[in-house]
Amino acid sequence: MADTVTKQELIAAKIDVKHTGEAVNTKKIITPRYGAPFKSLPLAIQEVIETGGFEPFATEAQLKASVPVLTKKAAYALDTHKIWLWNNNQWTDTGLSAIDQAKLYADSNPNFKFVTLKNTDDLDDFKTSGTYTALSSAVADLSLNYPEKAGGLLRVSKHGSFNTTQQEYLTLYGQMYSRRYISSASGWSSWVKQATSAETAAAQAAAISAAAEDATSKADAAQAAAISAAAIDASTKADAAK
(Lines give C-alpha, C1' and ligand atoms only; values in the text may rest on other atoms or scores of the structure.)
Protein backbone atom coordinates (compact mmCIF):
# COMPACT_ATOMS: atom_id res chain seq x y z
CA MET A 1 0.00 0.00 0.00
CA ALA A 2 1.31 3.42 -0.92
CA ASP A 3 2.38 5.86 1.81
CA THR A 4 -0.36 8.24 2.91
CA VAL A 5 0.72 11.88 2.71
CA THR A 6 -1.33 14.37 4.70
CA LYS A 7 -2.41 17.80 3.49
CA GLN A 8 -0.17 19.45 6.09
CA GLU A 9 2.85 17.51 4.81
CA LEU A 10 2.13 18.65 1.24
CA ILE A 11 1.89 22.28 2.39
CA ALA A 12 5.18 21.95 4.31
CA ALA A 13 6.88 20.34 1.27
CA LYS A 14 5.66 23.22 -0.96
CA ILE A 15 7.24 25.74 1.42
CA ASP A 16 10.54 23.81 1.48
CA VAL A 17 10.67 23.64 -2.34
CA LYS A 18 9.96 27.39 -2.53
CA HIS A 19 12.84 28.13 -0.11
CA THR A 20 15.20 25.86 -2.08
CA GLY A 21 14.43 27.73 -5.31
CA GLU A 22 14.86 31.11 -3.64
CA ALA A 23 18.19 30.02 -2.12
CA VAL A 24 19.63 29.48 -5.61
CA ASN A 25 17.85 32.06 -7.76
CA THR A 26 17.14 35.18 -5.66
CA LYS A 27 19.10 37.76 -3.69
CA LYS A 28 17.50 37.72 -0.27
CA ILE A 29 17.58 36.38 3.27
CA ILE A 30 15.84 32.99 3.40
CA THR A 31 13.87 32.19 6.54
CA PRO A 32 13.27 28.40 6.51
CA ARG A 33 10.66 26.54 8.53
CA TYR A 34 13.49 25.08 10.64
CA GLY A 35 16.82 26.56 11.60
CA ALA A 36 18.24 30.08 11.42
CA PRO A 37 17.74 32.49 8.48
CA PHE A 38 20.50 32.37 5.84
CA LYS A 39 21.65 34.32 2.79
CA SER A 40 20.80 32.99 -0.65
CA LEU A 41 23.65 31.96 -2.93
CA PRO A 42 23.38 35.00 -5.29
CA LEU A 43 23.32 37.36 -2.29
CA ALA A 44 26.34 35.68 -0.71
CA ILE A 45 28.27 35.88 -4.01
CA GLN A 46 27.43 39.56 -4.43
CA GLU A 47 28.69 40.34 -0.94
CA VAL A 48 31.96 38.47 -1.58
CA ILE A 49 32.50 40.32 -4.87
CA GLU A 50 31.84 43.66 -3.21
CA THR A 51 34.62 43.01 -0.69
CA GLY A 52 37.20 43.14 -3.55
CA GLY A 53 39.85 40.69 -4.80
CA PHE A 54 37.19 38.39 -6.31
CA GLU A 55 36.76 37.76 -10.04
CA PRO A 56 34.18 35.57 -11.79
CA PHE A 57 35.17 33.42 -14.81
CA ALA A 58 32.83 31.87 -17.38
CA THR A 59 34.57 28.50 -17.10
CA GLU A 60 36.87 26.77 -14.66
CA ALA A 61 39.39 26.28 -17.50
CA GLN A 62 39.61 30.05 -18.03
CA LEU A 63 40.06 30.56 -14.31
CA LYS A 64 42.97 28.09 -14.10
CA ALA A 65 44.64 29.66 -17.14
CA SER A 66 44.63 33.13 -15.59
CA VAL A 67 47.52 34.52 -13.52
CA PRO A 68 46.37 37.17 -11.05
CA VAL A 69 48.46 40.15 -10.01
CA LEU A 70 47.47 39.89 -6.36
CA THR A 71 49.42 37.47 -4.20
CA LYS A 72 46.17 36.21 -2.76
CA LYS A 73 42.96 36.29 -4.72
CA ALA A 74 39.68 34.40 -4.84
CA ALA A 75 37.92 33.57 -8.09
CA TYR A 76 34.63 31.94 -9.00
CA ALA A 77 34.02 29.51 -11.88
CA LEU A 78 30.50 30.05 -13.21
CA ASP A 79 30.27 26.63 -14.88
CA THR A 80 31.19 24.55 -11.82
CA HIS A 81 30.04 27.08 -9.19
CA LYS A 82 33.29 26.56 -7.27
CA ILE A 83 35.53 29.08 -5.56
CA TRP A 84 39.29 28.91 -6.14
CA LEU A 85 42.05 30.62 -4.15
CA TRP A 86 45.31 31.92 -5.68
CA ASN A 87 48.05 31.19 -3.16
CA ASN A 88 51.76 30.40 -3.55
CA ASN A 89 51.53 31.03 -7.30
CA GLN A 90 48.85 28.44 -7.94
CA TRP A 91 45.08 28.04 -7.92
CA THR A 92 43.77 25.94 -5.04
CA ASP A 93 40.35 24.29 -5.03
CA THR A 94 38.51 25.37 -1.87
CA GLY A 95 36.26 22.30 -1.93
CA LEU A 96 32.60 21.73 -2.67
CA SER A 97 30.72 24.54 -4.37
CA ALA A 98 28.00 26.36 -2.46
CA ILE A 99 25.40 24.52 -4.53
CA ASP A 100 27.02 21.13 -3.84
CA GLN A 101 27.16 21.96 -0.15
CA ALA A 102 23.49 22.97 -0.21
CA LYS A 103 22.57 19.71 -1.96
CA LEU A 104 24.64 17.69 0.50
CA TYR A 105 22.98 19.47 3.42
CA ALA A 106 19.49 18.97 1.96
CA ASP A 107 20.12 15.27 1.22
CA SER A 108 21.31 14.64 4.77
CA ASN A 109 18.68 16.79 6.51
CA PRO A 110 15.41 15.01 7.39
CA ASN A 111 13.54 18.31 7.00
CA PHE A 112 14.22 18.27 3.26
CA LYS A 113 14.43 14.57 2.45
CA PHE A 114 12.85 11.53 4.06
CA VAL A 115 15.32 9.44 6.06
CA THR A 116 14.77 5.68 5.86
CA LEU A 117 14.66 4.02 9.27
CA LYS A 118 16.74 0.90 9.90
CA ASN A 119 15.64 -2.16 11.85
CA THR A 120 17.96 -1.07 14.69
CA ASP A 121 16.60 2.48 15.06
CA ASP A 122 14.80 3.13 18.35
CA LEU A 123 12.12 5.82 18.00
CA ASP A 124 12.93 7.06 21.52
CA ASP A 125 16.21 8.39 20.08
CA PHE A 126 14.60 10.58 17.41
CA LYS A 127 14.28 14.11 18.78
CA THR A 128 15.56 16.02 15.71
CA SER A 129 12.85 17.67 13.62
CA GLY A 130 12.27 15.90 10.34
CA THR A 131 10.45 13.14 8.49
CA TYR A 132 11.46 9.49 8.69
CA THR A 133 9.97 6.42 7.04
CA ALA A 134 9.72 2.78 8.10
CA LEU A 135 9.33 0.85 4.86
CA SER A 136 7.70 -2.25 6.36
CA SER A 137 6.56 -3.98 9.54
CA ALA A 138 9.91 -5.79 9.59
CA VAL A 139 11.48 -2.48 10.63
CA ALA A 140 8.67 -1.35 12.94
CA ASP A 141 9.27 -3.59 15.94
CA LEU A 142 7.46 -2.92 19.22
CA SER A 143 10.74 -3.35 21.12
CA LEU A 144 11.97 -0.22 19.27
CA ASN A 145 9.05 1.81 20.67
CA TYR A 146 6.82 1.83 17.61
CA PRO A 147 3.10 2.27 18.44
CA GLU A 148 2.33 -0.93 16.53
CA LYS A 149 4.11 -3.37 14.25
CA ALA A 150 3.36 -1.61 10.97
CA GLY A 151 5.41 0.37 8.48
CA GLY A 152 4.69 4.07 8.19
CA LEU A 153 5.82 7.69 8.35
CA LEU A 154 7.33 9.33 11.45
CA ARG A 155 7.15 13.12 11.78
CA VAL A 156 9.26 14.69 14.54
CA SER A 157 8.68 18.29 15.66
CA LYS A 158 11.02 20.06 18.08
CA HIS A 159 9.64 22.92 20.15
CA GLY A 160 12.77 24.80 21.19
CA SER A 161 11.17 27.37 23.48
CA PHE A 162 9.85 24.62 25.76
CA ASN A 163 12.49 21.99 24.90
CA THR A 164 9.75 19.50 24.07
CA THR A 165 9.50 17.06 21.19
CA GLN A 166 6.40 15.64 19.52
CA GLN A 167 6.23 12.51 17.39
CA GLU A 168 3.43 11.58 15.02
CA TYR A 169 3.38 8.15 13.39
CA LEU A 170 1.11 7.47 10.42
CA THR A 171 0.90 3.79 9.48
CA LEU A 172 0.79 2.65 5.86
CA TYR A 173 -2.91 1.87 6.24
CA GLY A 174 -3.81 5.30 7.63
CA GLN A 175 -3.79 4.91 11.42
CA MET A 176 -2.35 7.92 13.26
CA TYR A 177 -0.58 7.90 16.64
CA SER A 178 1.08 10.71 18.61
CA ARG A 179 3.19 11.17 21.74
CA ARG A 180 5.55 13.75 23.24
CA TYR A 181 8.81 14.10 25.15
CA ILE A 182 9.17 16.80 27.81
CA SER A 183 12.33 15.94 29.76
CA SER A 184 14.65 13.06 30.60
CA ALA A 185 12.92 12.82 33.97
CA SER A 186 9.47 12.19 32.54
CA GLY A 187 10.59 10.54 29.31
CA TRP A 188 8.23 9.81 26.43
CA SER A 189 4.49 9.76 26.99
CA SER A 190 2.47 6.75 25.84
CA TRP A 191 1.36 6.58 22.22
CA VAL A 192 -2.18 7.90 21.75
CA LYS A 193 -4.18 6.38 18.91
CA GLN A 194 -6.29 8.88 16.99
CA ALA A 195 -9.69 7.71 15.81
CA THR A 196 -10.16 7.32 12.06
CA SER A 197 -13.14 8.91 10.30
CA ALA A 198 -14.77 5.47 10.08
CA GLU A 199 -14.31 4.88 13.82
CA THR A 200 -15.67 8.34 14.60
CA ALA A 201 -18.71 7.75 12.40
CA ALA A 202 -19.32 4.34 14.02
CA ALA A 203 -19.06 5.82 17.53
CA GLN A 204 -21.44 8.64 16.58
CA ALA A 205 -23.96 6.15 15.14
CA ALA A 206 -23.69 4.01 18.29
CA ALA A 207 -24.25 7.06 20.52
CA ILE A 208 -27.31 8.13 18.50
CA SER A 209 -28.72 4.59 18.62
CA ALA A 210 -28.15 4.33 22.39
CA ALA A 211 -29.77 7.72 22.94
CA ALA A 212 -32.77 6.71 20.83
CA GLU A 213 -33.16 3.43 22.74
CA ASP A 214 -32.87 5.27 26.05
CA ALA A 215 -35.47 7.83 24.98
CA THR A 216 -37.86 5.06 23.82
CA SER A 217 -37.38 3.14 27.07
CA LYS A 218 -38.05 6.25 29.15
CA ALA A 219 -41.12 7.10 27.05
CA ASP A 220 -42.49 3.56 27.45
CA ALA A 221 -41.87 3.70 31.20
CA ALA A 222 -43.54 7.10 31.48
CA GLN A 223 -46.53 5.87 29.46
CA ALA A 224 -46.89 2.75 31.62
CA ALA A 225 -46.62 4.83 34.78
CA ALA A 226 -49.28 7.23 33.49
CA ILE A 227 -51.65 4.38 32.60
CA SER A 228 -51.10 2.75 35.99
CA ALA A 229 -51.69 6.05 37.81
CA ALA A 230 -54.83 6.68 35.79
CA ALA A 231 -56.14 3.21 36.57
CA ILE A 232 -55.47 3.63 40.28
CA ASP A 233 -57.13 7.04 40.24
CA ALA A 234 -60.18 5.66 38.41
CA SER A 235 -60.46 2.76 40.87
CA THR A 236 -60.19 5.11 43.83
CA LYS A 237 -62.89 7.36 42.49
CA ALA A 238 -65.13 4.36 41.77
CA ASP A 239 -64.74 3.07 45.32
CA ALA A 240 -65.52 6.52 46.66
CA ALA A 241 -68.69 6.75 44.56
CA LYS A 242 -70.03 3.57 46.14
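In which sense do S8 and S9 pair, and over how many bridges? S8 and S9 pair in the antiparallel sense, and five bridges join them, where two strands count as paired if DSSP finds at least two bridges between them.

## Basis of the description

The structure is a predicted model, in which local features need pLDDT of at least 70 and side-chain atom pairs count only at pLDDT 80 or more, while totals for chains, interfaces and linings use all residues. Residues are numbered from 1 along each chain as its sequence is written, and side-chain values use heavy atoms, with hydrogens and water left out.

## The chain as a whole

The secondary structure comes to five helices and 12 strands; helices (H or I, at least four residues) and strands (E, at least two) are DSSP runs, numbered from the N terminus. Of the 242 residues in the chain, 30% are buried, where buried means under 20% relative accessible area, exposed over 50%, and partly exposed in between (1.4 Å probe, protein chains only).

S7 pairs with strand S8 (residues 130-134) in the parallel sense over two bridges. Val115, which is found in strand S7, has Tyr132 in S8 as its bridge partner. Val115 is partly exposed, with a relative accessible area of 28%, and its C-alpha atom is separated by 6.6 Å from that of Thr131, 16 residues apart along the chain.

In S8, five of the five residues are buried, so S8 is largely enclosed by the rest of the structure. Gly130, Tyr132 and Ala134 point one way from the strand, whereas Thr131 and Thr133 point the other way. Thr133 stands opposite Leu153 in S9.

## Nonpolar cores

A nonpolar core is a set of buried Ala, Val, Leu, Ile, Met, Phe, Trp, Tyr and Cys residues joined through side-chain atoms within 4.5 Å. The largest one has 14 residues, and those with the most contacts inside it are Leu117, Leu123, Phe126, Tyr146, Leu154 and Tyr169. S8 and strand S9 (152-159) are the elements that give two or more residues to this core. Apart from it lies another core, of seven residues, among them Phe57, Leu63, Ala75 and Trp84.

Strand S5 (residues 82-87) and strand S6 (residues 90-93) run antiparallel and are joined by four bridges. Trp84, already named as a member of the seven-residue core, has Asp93 in S6 as its bridge partner. The two strands form a hairpin with two residues between them, and Asn88 in the turn has a positive phi of about 55°.

## Helix H1

Helix H1 (residues 7-25) has 19 residues and reaches 27 Å from its first C-alpha to its last, close to the 27 Å expected at 1.5 Å a residue, a span taken as 1.5 Å times one less than the number of residues. Its buried residues are Glu9, Ala12, Asp16, His19, Glu22 and Ala23. Seen down the axis of H1, these buried residues fall within an arc of 150°, so they line one face of the helix; the arc is that of the directions from the helix axis to the C-beta atoms. On the other side of H1, Lys7, Leu10, Lys14, Val17 and Asn25 are exposed.
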